[in-house]
Each structure stands twice: as C-alpha cells, then as structure tokens.
Amino acid sequence: MTDFLSMGGYAAFVWPAYAIAALVLLGLLLATWKGLRDAETTLKALESARPARRRTRPRADGKPDTAAGTPAGASEG
Amino acid sequence: MSWGQSMHRFANPARFLRLSAALLPWSAGAAVILTIVGLYLSLFGSPPDYQQGETVRIMYIHVPAAWMSLFVYTNMAVAAGAGLVWKHPLADLFAKAAAPIGAGFTFVCLVTGSLWGAPMWGTWWVWDARLTSVLILFFLYLGYMALVNAFDDPQRGLRAGNVLLLVGIVNVPIIKFSVDWWNTLHQPASVVKMGGPSIDPTMLLPLLVMAGAFTAYFVAVVLLRLRAEITQRRIQTLRLSAAGEGAQG
C-alpha cells in the first residue's frame with residue numbers, strides 16, 4: 001500500500017494531478033447544481049407571485065394562446 | 001423586441017427540456033461508472049512506463065482533458081455558427097453553458113501537464129508551440145465568458161461571443177498540429193494519428209475509458225447548465241413583462 005502511494009517516488013506529481021482534476025470537475029458540478037437550484041427557486045417565486053393571469057395582448061404569430069394561465073414550468077418536474 | 005416575440009423565442013425549448021430529462025440519467029450514470037473503471041485501470045490495471053515510471057499515470061488525466069478542451073471548443077464553435085446563421089436560441093445558450101466546462105478541462109490539462117513536465121522534462125513550463133497554443137485556448141475560453149457577460153442585453157453578449165468563438169477556431173488545428181509543424185518539447189501524437197495508435201493496449205484502454213468518462217461528464221453537466229440557462233431566460237422574460245405592465249400601469 002505504501003508502495004502504491006509512493007508512486008515510485010513520484011507521489012508529489014501523480015497525486016496532485018488526480019486531485020486537481022477531481023477538484024475542478026466536482027467543483028464545477030456543484031456550482032452548476034447550485035446555480036440550477038437557485039434559478040428554479042427564483043422562477044417558482046416569480047410565477048406564484050403572478051398566478052393564472054391572462055395575457056391582454058394577442059400572440060404575435062396569431063396562433064391561439066394556449067400557454068396563458070399556465071405557469072411556464074408547470075409541466076416539467 | 002416585443003414581449004410576444006421574446007415569448008416565442010424562449011418558450012420553445014420545451015422539447016429540449018424533455019430530451020435532456022431523458023438523457024441526463026444515462027449520461028450521469030455513464031460518467032460515474034466510466035470514472036470508477038477508468039480510475040481503477042489508470043492506477044492499478046496498467047503498468048508503469050519503461051521510461052517514465054509511474055508518472056505515466058498522469059497521462060490518463062492529462063490526455064483526455066486535452067482532448068476534451070479541443071472537443072468542447074469545437075462544439076461551441078459549431079453551435080456559435082448555428083446561432084449566428086439560424087438564430088437558434090439554444091445554440092447560443094449551449095456555447096454559454098459549455099464554456100466553463102471547457103475552461104475547466106483546459107485548466108486541468110495545463111496543470112497536469114506541468115506536473116508531468118516537472119519530473120520528466122525538468123521544467124514546469126516552456127514557451128513552445130504546443131503549450132503556448134493550449135494556453136491561448138484557455139484564454140479564449142475565459143475571454144468568451146467575460147465577453148458574453150459584458151453586455152446589458154444578453155443577446156448582444158451571446159452574438160459577440162459567437163464571433164469570438166468562430167475567430168478562435170483557427171487555434172484548434174494549430175494546437176493539434178503544433179507538435180508536427182514546430183520543433184517542440186512536447187511529444188507528437190501517439191493515439192490520434194495516421195496508421196493507428198502506437199501506444200500499448202494496456203495503456204490505450206485506461207486512456208479511452210477516461211476519455212469516455214470525461215465526455216459523459218461533459219454531457220451531463222452541460223445539460224444541467226443549459227437547463228439553468230433556460231430557467232434564467234424565463235426569469236428574465238417574466239421580469240421584463242412585469243416591468244412593462246408596471247409602466248403601462
């Protein structure tokens with residue numbers, strides 16, 4: 001085991017290489033996760049602050065306004 | 001841009017969100033499994049190099065990270081082209097979502113290369129063609145991220161960023177062929193080259209598994225980041241429309 005950890009005398013180079021990769025990739029994952037959660041919380045708060053309100057203007061493309069009254073994220077879990 | 005137009009632009013990623021929800025568990029699962037197998041092969045299942053001893057294990061992080069730095073950038077540049085030509089909002093957002101991941105891989109590539117160079121070359125850094133062009137790639141990522149966030153109107157930031165990505169693509173072949181075009185300290189390619197890999201299978205396998213792990217990680221994280229970007233767009237649209245109504249009052 002000590003033999004393995006010593007990496008033939010190159011432990012000071014091999015292990016930091018693996019540690020840096022782990023830190024960067026896990027850190028990025030955590031930051032992404034937190035950013036997504038914060039954004040979803042903000043969106044929910046905004047949507048519940050103005051519930052089921054119908055749009056006063058017609059859609060630009062003239063299609064029937066099916067989205068009105070449903071919060072945009074309601075269908076996604 | 002009227003509210004109606006902006007709703008039309010940003011309400012359409014619903015199909016993407018469904019697709020990403022289906023893809024996410026697979027890419028995340030693949031990333032975890034491939035990382036475990038890849039780490040086992042890199043640290044236990046492969047022999048030390050006859051010249052470089054145990055430092056060769058740095059390669060299993062360094063080389064896949066370098067591949068990813070080019071792969072992610074190329075994907076971003078393709079998305080930037082699609083964003084500029086077809087004005088597809090998801091293409092713009094993909095580039096923005098991928099940039100920090102690409103920068104992360106490039107950083108890992110540079111640092112692990114340094115940690116490998118110190119014992120094997122006797123130096124942490126040299127200003128040769130390969131190392132310098134990869135450092136430029138890192139700055140391209142950082143420059144893109146700064147540029148995208150430098151405008152009050154996010155659309156203008158994304159468009160400026162797309163132009164930078166397309167100009168910067170010239171650096172990708174320079175990195176790839178720098179070891180052939182110039183006399184560098186960095187060794188030439190031994191995996192992706194004419195005539196097939198010249199590396200032993202016991203070392204090629206962990207390399208490919210780690211590359212698969214990094215790719216799966218990239219897919220999973222970029223899907224999460226895209227989801228966050230789309231959510232931010234909705235927040236912005238809701239806030240703008242609320243402000244508009246307030247003004248009409």
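Biologist: Leaving aside its neighbours within four places in sequence, which residues is B:Ser190 in contact with?

Modeller: In this predicted model, B:Ser190 is in contact with B:Pro197, B:Ser198 and B:Ile199.

Biologist: And where is B:Ser190 found?

Modeller: B:Ser190 sits in the loop between α7 and α8 of chain B.

Biologist: Does it count as buried or exposed, that B:Ser190?

Modeller: B:Ser190 counts as buried, because its relative accessibility is 19% and the cut-off for buried is under 20%.

Biologist: Thanks! Stepping back, how many helices and strands does chain B have?

Modeller: Chain B has eight helices and zero strands, so from the N terminus on its elements read α-α-α-α-α-α-α-α.

Biologist: What share of the residues in chain B is buried?

Modeller: Buried residues make up 51% of the 249 residues in chain B.

Biologist: And of the contacts between residues at least 6 apart in sequence, what share joins residues at least 24 apart?

Modeller: In chain B that share is 77%.

Biologist: Let's talk about α2(B). Where does it bend?

Modeller: The bend is at B:Leu23 and comes to about 35 degrees. A proline, B:Pro25, follows within four residues.

Biologist: What span should helix α2 of chain B have at 1.5 Å a residue, and how far apart are its end C-alpha atoms?

Modeller: Helix α2 covers residues 14-43, and its 30 residues should span 44 Å. The end C-alpha atoms are 43 Å apart, which agrees.

Biologist: Which residues of α2(B) are buried?

Modeller: Among them are B:Phe16, B:Leu17, B:Ser20, B:Ser27 and B:Ala31, along with B:Gly38 and B:Leu41.

Biologist: What about B:Ile36, buried or exposed?

Modeller: B:Ile36, which is also found in helix α2 of chain B, counts as exposed because its relative accessibility is 56%. B:Ile36 and B:Met210 are 174 residues apart in sequence, with 9.2 Å between their C-alpha atoms.

Biologist: Nice. New topic: how much space lies in the largest pocket?

Modeller: About 1,100 Å³. The lining has 44 residues, and those nearest the centre are B:His62, B:Val63, B:Arg130, B:His186 and B:Gln187.

Biologist: Which elements give two or more residues to the lining of the largest pocket?

Modeller: In chain B they are α3 (59-86), α4 (89-120), α5 (129-148), α7 (171-181) and α8 (201-248). The largest share, nine residues, comes from α3(B).

Biologist: How do the lining residues of the largest pocket divide into nonpolar, polar and charged?

Modeller: There are 28 nonpolar residues, twelve polar ones and four charged ones in the lining of the largest pocket.

Technical notes
Residues numbered from 1 in each chain as written. Chains lettered and ligands numbered in written order. Predicted model: local features only at pLDDT ≥ 70, side-chain atom pairs only at ≥ 80, totals over all residues. Heavy atoms only, no water. Expected span 1.5 Å × (residues − 1). Bend = angle between axes of the 7 residues up to and from the residue. Buried < 20%, exposed > 50% of the residue type's maximum accessible area, 1.4 Å probe, protein only. 1 Å grid on protein atoms, 1.4 Å probe; cavity = no way out; pocket = protein on both sides within 12 Å on 5 of 7 lines; lining within 4 Å. Points joined across faces, edges and corners; volume = space filled by probe spheres on them. Nonpolar A, V, L, I, M, F, W, Y, C, P; charged D, E, K, R; others polar. Contact = heavy atoms within 4.5 Å.
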